Amino acid sequence: MLEKIEESIRKISSKEYIENTLIGIVAFLFSTFIHELGHVIGSFLVGCPAAIAKVGMIFGATVIGECNQYQLIVAAASGPLFTFLVAILIWFFEKESKIRYFSIIMLLIGSSIQLIPFPGSDGMRMIEFGLN
């Protein structure tokens, strides 16, 4: 099995490798931006002021104003949920391409990981806001 993988990797040209790397970087940034935009949209829908403060390669940050417990839970959940929704929309409306697959993979992985309750994740924030 590993021999087949190694063989397929050797067949990738340097041009294709660079292209895939650039697409992957753009997909990472796109995924992070969509996730943070989801927090902002969710916050506005429940009447809570918010703004995107940072979009990085893997991590982003959204600043959320004064909100009640319910609004904070919705704001935390809206990032992963919006990311998942965008992945579904890309699946149905984007034509077959590497960009489509890279974007869907990054969006789905990002939204799934953020729902796991570990320190700093949206899943943990939802639990913290729910317990306060």
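Author: Apart from neighbours within four places in sequence, His35 is in contact with Gly79, Pro80, Thr83, Gln114 and Asp122, where contact means heavy atoms within 4.5 Å. The model is a predicted one, in which local features need pLDDT of at least 70 and side-chain atom pairs count only at pLDDT 80 or more, whereas totals for chains, interfaces and linings use all residues. Residues are numbered from 1 along each chain as its sequence is written, and side-chain values use heavy atoms, with hydrogens and water left out.

His35 belongs to helix H2; helices (H or I, at least four residues) and strands (E, at least two) are DSSP runs numbered from the N terminus. With a relative accessible area of 9%, His35 is buried. That term denotes under 20% relative accessible area, exposed denotes over 50%, and partly exposed lies in between, for a 1.4 Å probe and protein chains only. The side chain of His35 makes a polar contact of 2.7 Å with the side chain of Asp122. A polar contact is a pair of N or O atoms within 3.5 Å; within protein, one must be able to donate a hydrogen and the other to accept it, and residues adjacent in sequence count only if both atoms are side-chain atoms.

Helix H2 also holds His39. An α-helix has 3.6 residues a turn, so residues three or four places apart point the same way. His39 is buried, at 6% relative accessibility. Residues up to four places away in sequence aside, His39 touches Thr62, Ala75, Ala76, Ser78, Gly79, Pro80 and Asp122. The helix itself covers residues 14–45, that is, 32 residues, and reaches 46 Å from its first C-alpha to its last, close to the expected 46 Å; the expected span is 1.5 Å times one less than the number of residues. Just after H2, Gly47 adopts a positive phi of about 80°.

Asp122, the polar partner of His35, also takes part in the packing of H3 against H5. Helix H3 (residues 69–93) and helix H5 (residues 122–131) pack at an angle of about 170°, with their axes 9 Å apart. Here axes are lines fitted to C-alpha atoms, for helices over the stretch in contact, and angles run from 0 to 180 degrees between N-to-C directions. H3 and H5 are therefore roughly antiparallel, the label for angles over 145 degrees; those under 35 count as roughly parallel, 65 to 115 as roughly perpendicular and the rest as oblique. From H3, the residues Gln69, Leu72, Ile73, Ala76, Ala77 and Pro80 meet Asp122, Arg125, Met126, Phe129, Gly130 and Leu131 of H5. This contact of H3 with H5 has eight nonpolar, two polar and two charged residues. The classes are Ala, Val, Leu, Ile, Met, Phe, Trp, Tyr, Cys and Pro as nonpolar, Asp, Glu, Lys and Arg as charged, and the others, Gly among them, as polar.

Gln114, a further contact of His35, is one of the buried residues of H4, a set that also includes Arg100, Ser103, Ile104, Met106, Leu107 and Ser111. What covers the buried residues of H4 includes H2, H3 and H5. The 18 residues of H4 should span 26 Å at 1.5 Å a residue, and the end C-alpha atoms of H4 are 26 Å apart, which agrees. Ser112, found in H4 (residues 98–115), is partly exposed, with a relative accessible area of 45%. The side chain of Ser112 reaches the backbone oxygen of Leu108 at 2.8 Å.

Pro117 lies in the loop between H4 and H5 and is partly exposed, at 45% relative accessibility. Neighbours within four places in sequence aside, Pro117 is in contact with Gly123, Met124 and Ile127.

As for the whole fold, the protein has five helices and two strands, in the order α-α-β-β-α-α-α along the sequence. Of its 132 residues, 30% count as buried. Among contacts between residues at least 6 apart in sequence, 57% join residues at least 24 apart.
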